[in-house]
Amino acid sequence: MPWEFDESQLTPELLEKHGRPLLNEKDIESALNDETFLKSGSAKADQTHYQKLGFQCLCNADMHAMNDDFRVNLILSASGEKFLYKCTAMGIYIFFQVKAKWLVNHYCSPIWFVDGDLFDKYAGDILKKHKNYKDIK
Ligand SMILES: [Zn+2]
């Protein structure tokens, strides 16, 4: 299913619920270069710490659990408890940050989302030039 984002849908409610859409190569480049990605398997990259914490998606499922949800794959972790997931149901990537409310209650705060084909087309080359590519290649 080709997915196209309609900029007229870009409301404050949408931004709060889903984060901002990355719409082109330049958006993806600046979003990725803002982050420090973590070596997979390092303690801080471990999403299992959050057990069944859910994050917001744009697909019909609405929410996915960070663990044990066959529709999503963890792609990268970044410092600051940030995670990049791919939703295979919709073919989009979702980037969010786990935050704590009252120190104990964790929740996922959306940062950005991007069409899967668009991301796949550009992210590889952008990441090769990334400041910590050696950690994630
Ligand atoms: Zn989804």
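Modeller: One cut-off before we start: a residue is buried if 20 or more other C-beta atoms lie within 10 Å of its own, exposed if 12 or fewer, and partly exposed in between. Keep in mind that this is a predicted model.

Colleague: Okay, is D115 buried or exposed?
Modeller: D115 sits in strand β8. It has 20 C-beta neighbours inside 10 Å, and buried takes 20 or more. So D115 counts as buried.

Colleague: How far apart in space are D115 and I92?
Modeller: Along the sequence, 23 residues separate D115 and I92. In space, C-alpha to C-alpha, the distance between them is 4.6 Å.

Colleague: And what separates the C-alpha atoms of G91 and D115?
Modeller: G91 belongs to the loop between β6 and β7, and with 16 C-beta neighbours inside 10 Å it counts as partly exposed. G91 and D115 are 24 residues apart along the chain, and their C-alpha atoms are separated by 6.7 Å.

Colleague: Which residues touch the most other members of the largest nonpolar core?
Modeller: That core has 30 residues. The elements giving it two or more residues include β7 (92–101), β8 (105–115) and α3 (116–128).

Colleague: How do α2 and α3 lie: parallel, perpendicular or oblique?
Modeller: Their axes come within 10 Å and cross at roughly 45 degrees. Parallel needs under 35 degrees and perpendicular 65 to 115. Therefore α2 is, relative to α3, oblique.

Colleague: How many nonpolar residues are in the contact of α2 with α3?
Modeller: From α2 come E25, I28, E29 and L32, and from α3 come F119, Y122, A123, I126 and L127. Two of the contact residues are charged and none is polar, which leaves the nonpolar count at seven.

Colleague: Where is D62, with its positive phi?
Modeller: Phi of D62 is about 70 degrees, although D62 is not a glycine. With 9 C-beta neighbours inside 10 Å, D62 counts as exposed. Its place is the loop between β3 (54–56) and β4 (63–65).

Colleague: What is phi of E81 near?
Modeller: E81 lies in the loop between β5 and β6, and its 18 C-beta neighbours inside 10 Å make it partly exposed. Its phi is positive in a residue other than glycine, near 60 degrees.

Notes. Residues numbered from 1 in each chain as written. Predicted model: local features only at pLDDT ≥ 70, side-chain atom pairs only at ≥ 80, totals over all residues. Core = buried A, V, L, I, M, F, W, Y, C linked by C-beta atoms within 7 Å. Helix = DSSP H or I, 4+ residues; strand = E, 2+ residues; numbered from the N terminus. Axes fitted to C-alpha atoms, helices over the stretch in contact; angles between N-to-C directions. Parallel < 35°, antiparallel > 145°, perpendicular 65-115°, else oblique. Contact = placed C-beta atoms within 7 Å.
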